[in-house]
Amino acid sequence: MRYLDFSSVPGALATLLGLAVFTLIGVSIRVLMMQTIQQRRERMNRQINERLRTLIAAYKTLGGSFTGQLTVDPTHLRDMHMEAHQDTHVIGHQGQHNNSDRSRRIRDAVEAALSDIILLGTKEHVRLASQAASDMAAGRPIHTADLVVSLRSFIRTALDLDPIPNDVTIPLQGPTRTLGSGGRGKGEGEKAGNKGGNNGGGGMSGDGTVGPGTGMGVRTSQTDNDRVE
């Protein structure tokens with residue numbers, strides 16, 4: 001208080017100016033600290049959101065199926081080619097190729113999901129994902145049920161969701177079954193064929209006969225010939 005001088009007008013002005021400068025410096029420091037804390041909090045929120053988004057996608061890939069084959073076939077493409085060359089039955093080979101192609105797509109999706117989990121998962125997630133990746137690299141079929149349960153618990157806790165009740169029984173979950181593009185291409189081919197058949201209905205068929213679209217033209221020509229005769 002001894003530095004505050006209100007005994008004279010110049011002293012009062014100097015005191016007020018000093019207080020204003022001191023207040024301005026304090027407010028500037030406070031605003032700078034708040035901006036720094038807010039930017040750090042936003043960066044952490046973005047990291048958490050990206051981590052959760054990646055882990056949720058991995059959970060859907062590893063645990064999107066409750067029925068069917070719940071294990072991952074680690075067979076590689078080179079093994080499929082070797083089996084294809086050794087197979088002598090054409091029909092059986094086609095069915096085997098379709099199944100192998102589907103298993104390969106599932107395996108590729110599971111590999112990508114395991115890589116994301118190893119990068120962004122917790123210690124337990126990394127341990128389970130590393131074990132699954134090691135088994136897959138060794139050529140052993142892997143189960144993803146334990147890893148899916150761990151991911152589900154972590155995601156629900158991170159989103160502040162209620163835990164799953166103890167009286168609820170969830171069946172074992174396996175990797176999502178991917179859909180091939182063969183059925184879609186076949187359907188589009190059939191639609192294109194039907195469209196082409198409808199557009200070409202008035203043309204000439206393969207055996208040289210005239211289609212129904214040209215019947216009126218032929219009848220007119222025959223009438224004209226009769227008149228000429």
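Which residues in H1 are buried? In H1, the buried residues are Gly11, Ala12, Thr15, Leu52, Thr54, Leu55, Ala58, Tyr59 and Leu62. Buried means under 20% relative accessible area, exposed means over 50%, and partly exposed lies in between (1.4 Å probe, protein chains only).

## Basis of the model

This is a predicted model, in which local features need pLDDT of at least 70 and side-chain atom pairs count only at pLDDT 80 or more, while totals for chains, interfaces and linings use all residues. Residues are numbered from 1 along each chain as its sequence is written, and side-chain values use heavy atoms, with hydrogens and water left out.

## Confidence

The protein chain has an average pLDDT of 74, pLDDT being the predictor's confidence in each residue, from 0 to 100. A score of at least 70 is reached by 64% of the residues.

Over residues 88-98 pLDDT stays under 50, and the model has five contacts there beyond four places in sequence. Residues 200-229 also have pLDDT under 50, with ten contacts beyond four places in sequence. Contact means heavy atoms within 4.5 Å. Where pLDDT is low, the predicted coordinates should not be read in detail.

## Overall make-up

The protein chain holds seven helices and two strands, in the order α-β-α-α-α-β-α-α-α from the N terminus on. Helices (H or I, at least four residues) and strands (E, at least two) are DSSP runs, numbered from the N terminus.

Of the 229 residues in the protein chain, 18% are buried. Among contacts between residues at least 6 apart in sequence, 71% join residues at least 24 apart.

## Helices H1 and H5

Helix H1 covers residues 9-62 and helix H5 residues 145-158. The 54 residues of H1 should span 80 Å at 1.5 Å a residue, and the end C-alpha atoms of H1 are 79 Å apart, which agrees. The expected span of a helix is 1.5 Å times one less than its number of residues. In H5, the buried residues are Ala145, Leu147, Val148, Ser150, Leu151, Arg152 and Ile155.

The axes of H1 and H5 come within 10 Å and cross at roughly 145°. Axes are lines fitted to C-alpha atoms, for helices over the stretch in contact, and angles run from 0 to 180 degrees between N-to-C directions. Arg51, Leu52, Leu55, Ile56, Tyr59 and Leu62 of H1 make the contact with Leu147, Val148, Leu151, Arg152, Phe154, Ile155 and Ala158 of H5. These residues divide into eleven nonpolar, no polar and two charged. Ala, Val, Leu, Ile, Met, Phe, Trp, Tyr, Cys and Pro count as nonpolar, Asp, Glu, Lys and Arg as charged, and the others, Gly among them, as polar.

## The loop between H5 and H6

Asp160 lies in the loop between H5 and helix H6 (182-199). Its phi is near 55°, a positive value in a residue other than glycine. Most residues other than glycine have a negative phi. Asp160 is exposed, with a relative accessible area of 69%.

Thr176 is also placed in the loop between H5 and H6, and is partly exposed at 32% relative accessibility. Not counting residues up to four places away in sequence, Thr176 touches Lys60, Thr61, Gly64, Ser65 and Ile106. Thr176 and Phe66 are 110 residues apart in sequence and 8.9 Å apart in space, C-alpha to C-alpha.
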